[in-house]
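Please prepare a briefing on the structure shown below, grouped by topic and with the cut-offs of each term stated where it is used.

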Amino acid sequence: MAVGVALFRFHPGVREIVRPGKSARLADGRLGWAVDRRAAVKDVVESLGVPHTEVGRILVAGAGGPGGPGGPSGTDGTDVDFSHIVAEGQELDVYAVVPPLDVTRPSLLRPEPLCGEGEVRFLVDATCGKLARLLRLVGQDAAYDRAWDDEAVAELAAGEGRIVLSMDRALLKRSQVAFGRLVRAHDPQEQLAEVLRHFGVRGPFAAFSRCLECNEPLAPVEKAAVLHRLQPLTKKYFDTFYRCPSCDRIYWPGSHHDRMREWLAQAGLE
Ligand SMILES: [Zn+2]
């Protein structure tokens, strides 16, 4: 028996990451998905390569739409959430998240906000570890441990309400991951700009507020207390120091800090 199809149109932002597999690609840029099982739109979209974290809006038109059998057709479609069951004859428009994505507000696709305002926190997986250091450099809370596997990352993200940043689609498809970003850029600095823009995180950034190695908040420390640990030139030219209470590393505003500030300004982020 022949199975009918549902037609998917992926819009810019998600179109580029579609991996249709065996699905037929139609001439006008739509994908036909053979309706061979009862599946929620989240599962179908993810089977076509797009993690749910990347989707900002889904519109459905056609037979068996949200209005019931023979529901809205010939219209621009109706907004549905991820649990919508895909049926034969439906036309589905899948749109990317439009930045900035505000994780503190509920939406149809993400009815539970991740956190309150001013509490945005990240979790970086091993596919973009350098990004974790850069986020910490601009004062963002970015948990990272290269030893964590996908399950550990997903559990921690759910437990602590963190945004998952990764280049690993399989990780972002996990249902425990509510908010995340499939990082597109490859250069760590570009990744930082991408993530800050995507989640609407803007300066002024609190530099020297986190340890680059362990993500712990830094505490100011008297120069006299760390004098014996400083190189001669550092001793001579710097007077402001911070210490990590966890690993005991000492930080001071050096030249890499100035370069970062310049770059953030150029990128329009601060
Ligand atoms: Zn530390």
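Leaving aside neighbours within four places in sequence, Phe8 is in contact with Gly29, Arg30, Leu31, Trp33, Val41, Val44, Val45, Leu48, Val86, Leu92 and Val94, where contact means heavy atoms within 4.5 Å. This is a predicted model, in which local features need pLDDT of at least 70 and side-chain atom pairs count only at pLDDT 80 or more, whereas totals for chains, interfaces and linings use all residues. Residues are numbered from 1 along each chain as its sequence is written, and side-chain values use heavy atoms, with hydrogens and water left out.

- Phe8 is found in strand 1 (residues 5-10); strands (E, at least two residues) and helices (H or I, at least four) are DSSP runs numbered from the N terminus.
- Phe8 has a relative accessible area of 0% and is therefore buried, a term that means under 20% relative accessible area, with exposed meaning over 50% and partly exposed in between (1.4 Å probe, protein chains only).
- From C-alpha to C-alpha, Phe8 and Gln266 are 39 Å apart in space, and they are 258 residues apart in sequence.
- Gln90 belongs to strand 6 (residues 90-96) and counts as buried at 0% relative accessibility, while its side chain reaches the backbone nitrogen of Ala87 at 3.0 Å.

**Helix 5**

- The buried residues of helix 5 are Gln191, Leu192, Ala193, Glu194, Val195, Leu196 and His198.
- What covers these buried residues includes strand 7 (122-124), helix 2 (129-137), strand 9 (163-166), strand 10 (180-182) and helix 8 (255-266).
- Just after helix 5, Gly200 takes a positive phi of about 65°.

**Zinc site**

- The zinc ion has as its protein donors the SG atoms of Cys211, Cys214, Cys244 and Cys247, at 2.1 to 2.3 Å; donors are N, O and S atoms within 2.8 Å of the metal (3.2 Å for Na, K and Ca), and sites may look incomplete because water is not among the atoms.
- Along the chain, the donors of the zinc ion follow the spacing C-x2-C-x29-C-x2-C.
- Cys214 lies in the loop between helix 5 (188-198) and strand 11 (219-221), and Cys244 in the loop between strand 12 (241-243) and strand 13 (250-251), so the pair ties together parts that are 30 residues apart in sequence.
- The site of the zinc ion is tetrahedral, with angles of 103 to 124° among its four donor atoms, and four donors count as tetrahedral if all angles lie between 85 and 135 degrees.
- Cys214 is partly exposed at 28% relative accessibility, whereas Cys244 is buried at 0%.

Key
Tetrahedral: all angles 85-135°; square planar, octahedral: opposite > 155°, others 65-115°. Polar contact = N/O pair within 3.5 Å; in protein donor to acceptor, adjacent residues only side chain to side chain.
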